[in-house]
Amino acid sequence: MDFKETLETRRSIRSFEADKKVSKEQLEEMLAAAGMAPSWKNSQTARTFCVISEELVEKVKKECLPEFNQRSSAGATALLVTAFVPGISGFDTNTGTPVNEGGNGWGYYDLGMHDQNLLLAARAMGLGTLVMGIRDAKKLRELLQIPEEQEVVSVIAVGYPAAEAKMPPRKPLLEVVRFC
Ligand SMILES: Cc1cc2nc3c(=O)[nH]c(=O)nc-3n(C[C@H](O)[C@H](O)[C@H](O)COP(=O)(O)O)c2cc1C
């Protein structure tokens, strides 16, 4: 699959084949692609907690996701819980103060680029993903023992798509872009 096709056919998947398990090696390949992403001063503050044991995957879904996201991620056999270390990306290393008005927004920015690489790599490998921003960060932190000094962000379900998904319509270019 070439890059354009990967870009155009990546979709949020909400129906997975429960009997086809995603391997640790596949997740490692996705994470290696994610690690190629740029970051503020190469600070690489993105963190990922890979939930792969069947028992824990089910526990995280049940205890940390609202019902609609539990339904959407039902057959996904891996969950990637994403986080970042705040106070670094967008911050002056000497003074620890924000370099500009973006503050920790830059940490989220870096994590987004990291995770987009991961989603595209998954698509190129024939896997489906669903980013879930609606989740219980406190419960995720407790269950996975995510350190207090990290900001818990999303849960990404990973699995084999059970059906093709249609692309939700995109805004026309000139509604969101201005050439100056
Ligand atoms: C930061 C973020 C949070 C999201 N949270 C959820 C979510 O909690 N549940 C869900 O079903 N989809 C969620 N989505 C998926 C979006 O709804 C989806 O990306 C959008 O509708 C465009 O569809 P596409 O990914 O197929 O292009 C999220 C996407 C992003 C980027």
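View 1. Strand 4 is mostly covered, with 9 of its 9 residues buried; a residue counts as buried if 20 or more other C-beta atoms lie within 10 Å of its own, as exposed if 12 or fewer do, and as partly exposed in between, with C-beta atoms placed from the backbone. The model is predicted: local features need pLDDT of at least 70, side-chain atom pairs count only at pLDDT 80 or more, and totals for chains, interfaces and linings use all residues. Residues are numbered from 1 along each chain as its sequence is written. Helices (H or I, at least four residues) and strands (E, at least two) are DSSP runs, numbered from the N terminus. Strand 2 and strand 4 run antiparallel and are joined by 6 bridges, where pairing requires that DSSP finds at least two bridges between two strands. Strand 3 also pairs with strand 4 in the antiparallel sense, over 5 bridges. Alanine 157 of strand 4 stands opposite leucine 79 and is also the bridge partner of leucine 130.

**View 2. The largest nonpolar core.** This core has 32 residues; a nonpolar core is a set of buried Ala, Val, Leu, Ile, Met, Phe, Trp, Tyr and Cys residues joined through C-beta atoms within 7 Å. The residues with the most contacts inside the core are Ala78, Leu79, Val81, Ala122, Val155, Ala157 and Val158. Two or more core residues come from each of helix 2 (24–34), strand 1, helix 3, strand 2, helix 5 (105–124), strand 3 and strand 4. Valine 81 touches Phe49, Val51, Leu140, Leu144, Val152 and Val155, leaving aside residues up to four places away in sequence; contact here means C-beta atoms, placed from the backbone, within 7 Å. In soluble globular proteins, nonpolar side chains tend to be buried together.

View 3. Helix 3 spans residues 54–64, and Val60, Lys61 and Cys64 in it are buried. Seen down the helix axis, the buried residues fall within an arc of 110 degrees, so they line one face of helix 3; the arc is that of the directions from the helix axis to the C-beta atoms. Glu54, Glu55 and Lys62 are exposed on the other side. The buried residues of helix 3 pack against strand 1 (46–51), helix 4 (67–72), strand 2 (78–84), helix 6 (137–144) and strand 4 (151–159). Leucine 56, also in helix 3, is partly exposed, with 13 other C-beta atoms within 10 Å. Leucine 56 and alanine 78 are 22 residues apart in sequence and 9.5 Å apart in space, C-alpha to C-alpha.

**View 4. Positive phi in two loops.** Most residues other than glycine have a negative phi. Lysine 41, in the loop between helix 2 and strand 1, has a positive phi of about 45 degrees. Lysine 41 is partly exposed, with 14 other C-beta atoms within 10 Å. Glutamine 145, in the loop between helix 6 and strand 4, has a positive phi of about 50 degrees. Glutamine 145 counts as exposed because it has 8 C-beta neighbours inside 10 Å.

Methods
Two residues are in contact if their C-beta atoms, placed from the backbone, lie within 7 Å.
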